Protein chains: 2
Amino acid sequence: MATRANGIKRTYQNTEQRQSTIVEAVVHLCGEQDPSTLTTARITEEVGLSQGALFKHFPSKSCLWESVARWVSEQLDQRVFSVADEHERADKALEAMFLAHIRFIARNPGIPRLMLGELQKPGNRPAKRIVRQTLSNYRQKVITLINRGVGQQCITATIDTEAAAVLYLGAIQGLVVQAMIGGDIQSLEQTAPRIFRLYSASFQEVSDAPQA
Amino acid sequence: MATRANGIKRTYQNTEQRQSTIVEAVVHLCGEQDPSTLTTARITEEVGLSQGALFKHFPSKSCLWESVARWVSEQLDQRVFSVADEHERADKALEAMFLAHIRFIARNPGIPRLMLGELQKPGNRPAKRIVRQTLSNYRQKVITLINRGVGQQCITATIDTEAAAVLYLGAIQGLVVQAMIGGDIQSLEQTAPRIFRLYSASFQEVSDAPQA
DNA sequence: ACAATAAAAGTAATCAATTACTTTCTTTAA
DNA sequence: TTAAAGAAAGTAATTGATTACTTTTATTGT
């Protein structure tokens, strides 16, 4: 007893733990396959549960995706946005955040698929709203940093701030797409510094660091 | 008579015409909904055919996607890559190609969804191979142009060419994602020149045009 | 008339969700 | 302290809807 048809011992977890387990399994699976082809059966197989058990913890598949989107948003906050605060100089903060984001993606290759996949869906599903909100925050964070950099005179005052924010996110996108084409996730972290160096060349002051 | 259940008159086309009609309908529909959710029923409804009729012209849905990918590749050749040849100076050619690409996307909003969606799928489906090949060609075209620009002394000789090619495609990606977030495709063409100006600032020679 | 083109009706497979029921965990009263 | 009661977490099987694809029947231009 206490076993399933395939002989694997059943493990009991409370709903909170299970939800975390399942959400992280989804993120992991997105690294291996297109999110839109992820079935509830595949997800529960990954965590060692029967297909129906999923609905003990999420009222619907759509609610599961909402939880996944929230998880991604929190992780970006903790692992990417937060590193910017450790730097006084805005250009250094931008670079640190850029590299942290690439590191995060390299460790969780499903993330871009997840976010892009959600953005591609039409309508206003909750999960899409969360992704949109997260990217909006990100954009605002970059704009604020660039403006601070202008004040610190490490970024040229003539910069087109909004364009620079778009290009910042584009630089990350470009790296990701390049990795997708090559099918080589590991190349991400190697190439990232070169991309950021080129990106920052577009707004760097000629003079050296003014402070610190 | 000569009508279908819904009263729409039946129209006869030979297979070649039908294939074109269907492929273009798919591209159009990708502008409105996630490609992975496109059903054969939705596609045929769009062109005014019964669902089963699709398989008179394509042996399988996968073959249809292959044709769609080929169509996109050809359009990129004709409407984007070709404009680069109209400019002697490499930096002007890059700019023209960039803006042509954005114009192409603005006219066919389904294109990024289509290509990204295909890239996100794992494995080596024919359609994915075509998209990958197309993007590889694109990348090589950009690299060649940048190198020519160095020779023409309108691009700084110290440039990291490969990084510049990644950032070029990233700039387009960034614009597209930004438009996806805002849900505003029309903003694309307005913002594009600003993004390219910033992008080109990263490798522009300080001196003015050397020739022409 | 007849071959091409399409509609209509079907099929097997797949999917999210539900059901009826079992096992484990947790709480609490004696 | 502990055993009984109930809540929570699990399974296996099934459902209705949807899907890509097939087969059969009807219509059309030549």
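## His57 of chain A

In this predicted model, His57(A) lies in the loop that runs between helix 2 (40-47) and helix 3 (61-84) of chain A. His57(A) counts as buried because its relative accessibility is 14%, and the cut-off for buried is under 20%.

The side chain of His57(A) makes a polar contact of 3.2 Å with the side chain of Thr15(A). When neighbours within four places in sequence are set aside, the residues in contact with His57(A) are Thr15(A), Arg18(A), Gln19(A) and Ile22(A).

## Pro126 of chain A

Pro126(A) belongs to helix 6 of chain A, which covers residues 126-151. With a relative accessibility of 30%, Pro126(A) is classed as partly exposed, the class that lies between the 20% and 50% cut-offs.

Along the chain, Pro126(A) and Trp65(A) are 61 residues apart, while their C-alpha atoms are separated by 8.5 Å.

## Interface between chains A and B

Chain A and chain B each bring 38 residues to their contact. About 3500 Å² is buried between the two chains, and carbon and sulfur atoms account for 66% of this area. On the chain B side, Gln120(B), Ile181(B) and Leu198(B) supply 21% of the area that chain B buries against chain A, more than any other three residues.

Four salt bridges are counted between chain B and chain A. A salt bridge joins the side chains of Glu162(A) and Arg194(B), with an N to O distance of 3.8 Å.

## The chain B side of the interface

Four elements of chain B give two or more residues to the side that touches chain A: helix 6 (110-120), helix 7 (126-151), helix 8 (161-182) and helix 9 (187-201). Helix 8 of chain B gives the most, with 14 residues. By residue class, the side of chain B that touches chain A consists of 19 nonpolar, ten polar and nine charged residues.

## Relation between the copies

Chain B is superposed on chain A by a rotation of 180 degrees, with 0.0 Å of shift along the axis and an RMSD of 0.1 Å. This is the relation of a two-fold axis. Both copies use the same surface, and 100% of the contact residues of chain B recur in chain A.

Notes. Residues numbered from 1 in each chain as written. Chains lettered and ligands numbered in written order. Predicted model: local features only at pLDDT ≥ 70, side-chain atom pairs only at ≥ 80, totals over all residues. Heavy atoms only, no water. Buried < 20%, exposed > 50% of the residue type's maximum accessible area, 1.4 Å probe, protein only. Contact = heavy atoms within 4.5 Å. Buried area = accessible area lost by both parts, 1.4 Å probe. Nonpolar A, V, L, I, M, F, W, Y, C, P; charged D, E, K, R; others polar. Least-squares fit on C-alpha atoms with pLDDT ≥ 70 in both. Polar contact = N/O pair within 3.5 Å; in protein donor to acceptor, adjacent residues only side chain to side chain.
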